[in-house]
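Colleague: Hey, could you walk me through this one? I'm new to reading structures.
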Amino acid sequence: MRILLVEDDTMIGDSVRSALKHEGFAVDWVRDGRAAQATLATERFDLVLLDLGLPQVSGLDVLRVLRTQKDATPVIIVTARDDLASRVAGLDAGADDYLVKPFEFEELTARMRAVIRRHVGRAEPAIEVGPVTLDPTTRTVTVDGEPVILSAREYAVLEAMMLRPGAILSRAQLEDRLYGWGEEIESNAISVYVHQLRRKLGDDFIHTVRGVGYYVGKPRAGR
Ligand code: CA
């Protein structure tokens, strides 16, 4: 999961970014509204965490412009503004959720999972593909009902594929889901994670399309 964090407070930004990275999210962090707009215009994210009080362009304006452009990227407003008018304005401008600072990190990640779940159109939290079940709420994975222990990055690679069964994800798309800007990416990292996942989930669960990428489940029609 790739997250854009828009936050001008260095301490909050730093702690949210490192906590999310620890959970296996790829996090890109920008500190003003204009940078947020420039980034959203060129890159794709699974979710945006958006502060309201920002230099250059306010969070509310970033959100309004985004929705005017028919960009449906999920957005959670994370702000110290807890008055009713701000909450209503944020939700009316197209936010998917609204979280008031200070917050518990556990609540933030729970809301992120709920918003992402709704966005991909699943009310049921667990995803099943063949013998493998992945539960984003508990971040647990089972094969034929038996729990499997995955590292945060193995989990992130598997989750990206299981959210879109049958869709081929290229190595670059998977790297995007795993790494933020400026992070060192070893050239064979994705192959290594796929290899480890196959060892843990069974050799034939993840399919390789040579020169294109990887997928799980049944291939989509028309290919
Ligand atoms: Ca702020």
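Modeller: Helices here are DSSP runs of H or I with at least four residues, strands are runs of E with at least two, and both are numbered from the N terminus. Keep in mind that this is a predicted model: local features need pLDDT of at least 70, side-chain atom pairs count only at pLDDT 80 or more, and totals for chains, interfaces and linings use all residues. Residues are numbered from 1 along each chain as its sequence is written, and side-chain values use heavy atoms, with hydrogens and water left out.

Colleague: Is Thr39 buried or exposed?
Modeller: Thr39 counts as buried, because its relative accessibility is 9%. Buried means under 20% relative accessible area, exposed means over 50%, and partly exposed is in between (1.4 Å probe, protein chains only).

Colleague: And what lies 2.7 Å from the side chain of Thr39?
Modeller: The backbone oxygen of Ala35 is 2.7 Å from a polar atom of that Thr39 side chain.

Colleague: New topic: which residues coordinate the calcium ion?
Modeller: Asp8 (OD), Asp51 (OD) and Gly53 (O) do, at 2.1 to 2.3 Å. Donors are N, O and S atoms within 2.8 Å of the metal (3.2 Å for Na, K and Ca), and water is not among the atoms, so sites may look incomplete. Along the chain, the donors of the calcium ion have the spacing D-x42-D-x1-G.

Colleague: What does the pair Asp8 and Gly53 tie together?
Modeller: Parts that are 45 residues apart in sequence, because Asp8 is in the loop between strand 1 (2–6) and helix 1 (10–22), while Gly53 is in the loop between strand 3 (47–50) and helix 3 (59–68). Asp8 counts as partly exposed at 33% relative accessibility, and Gly53 counts as partly exposed at 32%.

Colleague: OK, what about domains?
Modeller: The domain assignment gives domain 1 (2–120) and domain 2 (127–216); such bounds come from an automatic or database assignment. Their centres, taken over C-alpha atoms, are 26 Å apart.

Colleague: How many residues are in contact between domain 1 and domain 2?
Modeller: 18 residues of domain 1 touch 14 residues of domain 2, where contact means heavy atoms within 4.5 Å.

Colleague: How many salt bridges are there between domain 1 and domain 2?
Modeller: Three. A salt bridge needs a side-chain nitrogen of Lys or Arg within 4 Å of a carboxyl oxygen of Asp or Glu. Separately, the side chains of Glu23 and Arg139 form a salt bridge (4.0 Å, N to O).

Notes
Polar contact = N/O pair within 3.5 Å; in protein donor to acceptor, adjacent residues only side chain to side chain.
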